[in-house]
Amino acid sequence: MKIRTAGPADADEIVQVRNASWRAAYRGIIDDATLASLRREPSHAFVMNLSSPPPFWRTLLAERGPEVVGTITIGWDTRESAKDEVESGQPGEVWMLYVHPDYWGRGVGHALMREAHKSLNEFGLYPIRVWVLEGNEVGTRFYERYGFVSDGERTDFEVNGRPYPIVRYSLPADRVVEELV
């Protein structure tokens with residue numbers, strides 16, 4: 001498996017992996033009509049960010065042969081600071097981590113998370129946080145195995161005008177990426 005930085009030419013494959021992951025992980029949580037109607041093409045803003053990433057922002061891909069099997073996008077905690085206010089020492093965030101369901105349990109997510117963890121350390125963004133859709137047992141198990149713990153923060157994430165509860169997990173600052181297996 002190869003992990004590399006994503007570029008604008010990867011946008012369509014990222015969307016395909018995201019859609020497959022959403023449909024498998026969120027079945028029974030998000031309504032079927034919403035899952036069936038997920039956007040099939042990347043937004044212009046996403047392609048532009050892949051083309052010229054802002055500071056403290058990175059998207060990585062996992063490839064097996066020519067196939068994109070996973071993706072992760074990291075940056076700053078958007079609830080803590082705006083894009084033009086970000087600096088080292090502020091919290092980092094995993095904005096999205098998607099692995100194609102055919103590759104769940106094969107180390108793809110862990111490899112992506114390790115590289116993202118290294119990138120966030122390079123950016124000086126800590127602690128590392130992630131929001132998980134309540135009921136997403138696949139995501140919750142993954143993050144807990146990596147060392148994230150629920151920190152008690154909760155809010156809603158809106159999808160097609162409907163709010164869904166999400167829970168925040170934080171990675172303890174003493175978790176060193178080289179120690180994680």
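In the predicted model, arginine 4 counts as partly exposed, its relative accessibility being 23%, whereas glutamate 63 is buried at a relative accessible area of 12%. The side chains of these two residues meet in a salt bridge with an N to O distance of 2.9 Å. Because arginine 4 belongs to strand β1 and glutamate 63 to strand β2, the pair ties together parts that are 59 residues apart in sequence. Arg4 and Glu63 are, together with Asp10, linked in a network of salt bridges.

The salt bridges of the model number 10, and two others involve the loop between β3 and β4. In one of them, glutamate 93 is joined to arginine 79, with the closest N and O atoms 3.9 Å apart; glutamate 93 lies in strand β4 and arginine 79 in that loop, so parts 14 residues apart in sequence are tied together. Glutamate 93 is buried, with a relative accessible area of 5%, while arginine 79 is partly exposed at 48%. In the other, the side chains of glutamate 80 and arginine 129 meet at 3.1 Å, N to O, and since glutamate 80 is in the loop between β3 and β4 and arginine 129 in strand β5, this pair ties together parts that are 49 residues apart in sequence. Here glutamate 80 is partly exposed, with a relative accessible area of 48%, and arginine 129 counts as buried at 11% relative accessibility.

The strands named above belong to an open sheet of 7 strands, ordered β1-β2-β3-β4-β5-β7-β6 and mixed in its pairing. Its edge strands, each of which pairs on one side only, are β1 (2-5) and β6 (149-159), and neighbouring strands are turned by 30° against each other on average, direction ignored. Strands β1 and β2 pair in the antiparallel sense over 4 bridges, with threonine 5 opposite leucine 60 in β2. Strand β2 (residues 58-64) is in turn joined to β3 (residues 67-76) by 7 bridges, and these two strands also run antiparallel; alanine 62 has glycine 70 of β3 as its bridge partner, and arginine 64 stands opposite glutamate 67. The hairpin of β2 and β3 has 2 residues between the strands, and in it glycine 65 takes a positive phi near 65°. Strand β2 is mostly covered, as 5 of its 7 residues are buried.

Helices pack against this sheet. Helix α1 (residues 11-25) touches β2, β3, β4 (92-99) and β6, and its direction makes about 80° with that of β4. Helix α4 lies across β1, β2, β3, β4, β5 (128-133) and β7 (162-171), running at about 30° to β3. At 1.5 Å a residue, the 16 residues of α4 (residues 108-123) should span 22 Å, which agrees with the 23 Å between its end C-alpha atoms. The buried residues of α4 include Leu112, Met113, Leu120 and Phe123, and the helix is followed by glycine 124, whose phi is positive, near 75°.

The largest nonpolar core holds 51 residues, of which Ile72, Val94, Tyr143 and Phe148 touch the most other members; the largest share of this core, 6 residues, comes from α4. Leaving aside neighbours within four places in sequence, valine 94 is in contact with Ile72, Thr73, Ile74, Met113, Ile128, Arg129, Val130 and Tyr143. Among these contacts of valine 94, Met113 is one of the buried residues of α4, and Arg129 is the salt-bridge partner of glutamate 80.

Note on methods:
Residues numbered from 1 in each chain as written. Predicted model: local features only at pLDDT ≥ 70, side-chain atom pairs only at ≥ 80, totals over all residues. Heavy atoms only, no water. Expected span 1.5 Å × (residues − 1). Buried < 20%, exposed > 50% of the residue type's maximum accessible area, 1.4 Å probe, protein only. Core = buried A, V, L, I, M, F, W, Y, C linked by side-chain atoms within 4.5 Å. Contact = heavy atoms within 4.5 Å. Pairing = 2+ DSSP bridges. Axes fitted to C-alpha atoms, helices over the stretch in contact; angles between N-to-C directions. Salt bridge = Lys/Arg side-chain N within 4 Å of Asp/Glu carboxyl O.
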